[in-house]
Amino acid sequence: MSSATATATATKTPAATQAAAPTAGTSAHDAGLLLLRVVLGLTVAAHGTQKLFGWFGGGGISGTGQFFTASGYPAGDAMAALAGLTETLGGLGLALGLLTPLAGAAVTGTMINALAVHGAGAFFAPKGMEYELLLAAAAAALTLAGPGRLAVDRLLPVPALRTHRLALGAQALALGVLLAVVTLFIRG
């Protein structure tokens, strides 16, 4: 070891050394990400099942398809199925921490379309966009931050998912936004 390296190592404060070392246990950060993932993911998944199956007072494919057609989307039933699948699978992916960058990007893209449908007429419920904005922002944040250590991604044999990086999240988020914009162009 060179004297410069030895000096630099010796001058580090205990706090700096501790901050640089990975912790073996679960951190508050991981617990917070788990809570956010589970609540957001299950909320969005339940919303998707309203579209797909009519559960929880939803319209099912037919009722939701009519809403999509009235909102300017072509092939309302197909769009209802696509939105329902995206919300259900994306939400479950977030809750489990499974393919988190893609799950978060899918939810973000769907919520961008929901924001476009609601418009900018009002912010607060019942006709506002506060709910969709909150879901989109939370999904985008998880896409960028990653799922934390309490996630299925950590068990997968894909190093990029096990050690989530900002670049991966940003790329997934860009894909979600791009697909949302394409869908909005289809809407016309």
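1. A residue is called buried when its relative accessible area is under 20%, exposed when the value is over 50%, and partly exposed in between (1.4 Å probe, protein chains only). By this rule, 35% of the 188 residues of the chain are buried.

2. The model is predicted: local features need pLDDT of at least 70, side-chain atom pairs count only at pLDDT 80 or more, and totals for chains, interfaces and linings use all residues. Residues are numbered from 1 along each chain as its sequence is written, and side-chain values use heavy atoms, with hydrogens and water left out.

3. The chain holds nine helices and zero strands (DSSP runs numbered from the N terminus; helices are H or I with at least four residues, strands E with at least two). Taking contact as heavy atoms within 4.5 Å, 64% of the contacts with a separation of 6 or more join residues 24 or more positions apart.

4. Thr100 lies in helix H6, residues 100-118. Thr100 counts as buried because its relative accessibility is 0%. Beyond neighbours within four places in sequence, Thr100 touches Leu94, Leu142, Gly146, Pro147 and Asp153.

5. Leu99 sits in the loop between helix H5 (76-96) and H6. Its relative accessible area is 40%, so Leu99 is partly exposed.

6. Leu99 is also one of the residues of a nonpolar surface patch with about 780 Å² of accessible area together (Shrake-Rupley method, 1.4 Å probe; for residues, only the protein chains shown count as cover). Helix H9 (residues 166-187) gives the largest share of the patch, five residues.

Conventions
Patches are made of residues with over 30% relative accessible area and no salt bridge: like charges are joined within 9 Å, nonpolar side chains (Val, Leu, Ile, Met, Phe, Trp, Tyr) within 5 Å. A salt bridge is a side-chain nitrogen of Lys or Arg within 4 Å of a carboxyl oxygen of Asp or Glu.
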